[in-house]
Amino acid sequence: MQIIKDTAVEFHYTLSEGDQQIETSKTDEPLSYIHGNDSMLPGLEKALDNKAAGDKFSVTLAPEDSYGEFKEGLIQRIPIKHLQGLGDNKVWKKGMSAIVESNQGRHQVTVVKVGRFNVDCDLNHPFAGKTLTFDVEVVSVREATTEELSHGHVHGAGGCGH
């Protein structure tokens, strides 16, 4: 089956900037999404069009096709209690990434300055302004279920969970 609108897709990727590998999914579960529903980076989704399980390819994306251009002055003071993703670390430090929930959804931010109760965060995505290369291996493609389409995401083997 080929990847077309409303198919549930699983794929592994390795993300690089130039010669430097940034992250990979190969040590974990594949990434899953519903194709054609604006839940994937535009350039990556376009590159996945009409691929099938077993296909491997690379695609290099300019900032406008991935995380956007870097915008100066996107610093916001956020109460520490609203930052997520500290993991095993005990304190937030400059340069760390965090997740913040807002009215527009979840956003990844970068800590710029840490105060006692608040943290100044750069609201640009950490990959904004970067030209990125994705090495992709399509693991599976199937029709998304009616429930997945109504929820807007792929459900795991155990069901939805919400």
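**Pockets in a predicted model**

Reader: Which residues lie nearest the centre of the largest pocket, and how many line it?

Author: The largest pocket has 17 lining residues, and Leu-31, Ser-39, Met-40, Leu-41 and Tyr-67 lie nearest its centre. On a 1 Å grid over the protein atoms alone, a pocket is an open set of points where a 1.4 Å probe fits, with protein on both sides within 12 Å along at least five of seven lines, and lining residues have an atom within 4 Å of a point. This is a predicted model, where local features need pLDDT of at least 70, side-chain atom pairs count only at pLDDT 80 or more, and totals for chains, interfaces and linings use all residues. Residues are numbered from 1 along each chain as its sequence is written, and side-chain values use heavy atoms, with hydrogens and water left out.

Reader: Which strand gives the largest share of that lining?

Author: Strand 3 does, with 3 residues, while strand 1 (7-17) and helix 1 (42-48) are also among the elements that each supply at least two; helices (H or I, at least four residues) and strands (E, at least two) are DSSP runs, numbered from the N terminus.

Reader: And what lines the second largest pocket?

Author: Its lining includes Tyr-67, Ile-99, Arg-106 and His-125, and strand 8 (residues 105-114) gives the most, with 3 residues.

Reader: Changing topic, how many residues are there, and what percentage count as buried?

Author: The protein has 162 residues, of which 33% count as buried, meaning under 20% relative accessible area with a 1.4 Å probe, protein chains only.

Definitions and conventions: Buried < 20%, exposed > 50% of the residue type's maximum accessible area, 1.4 Å probe, protein only.
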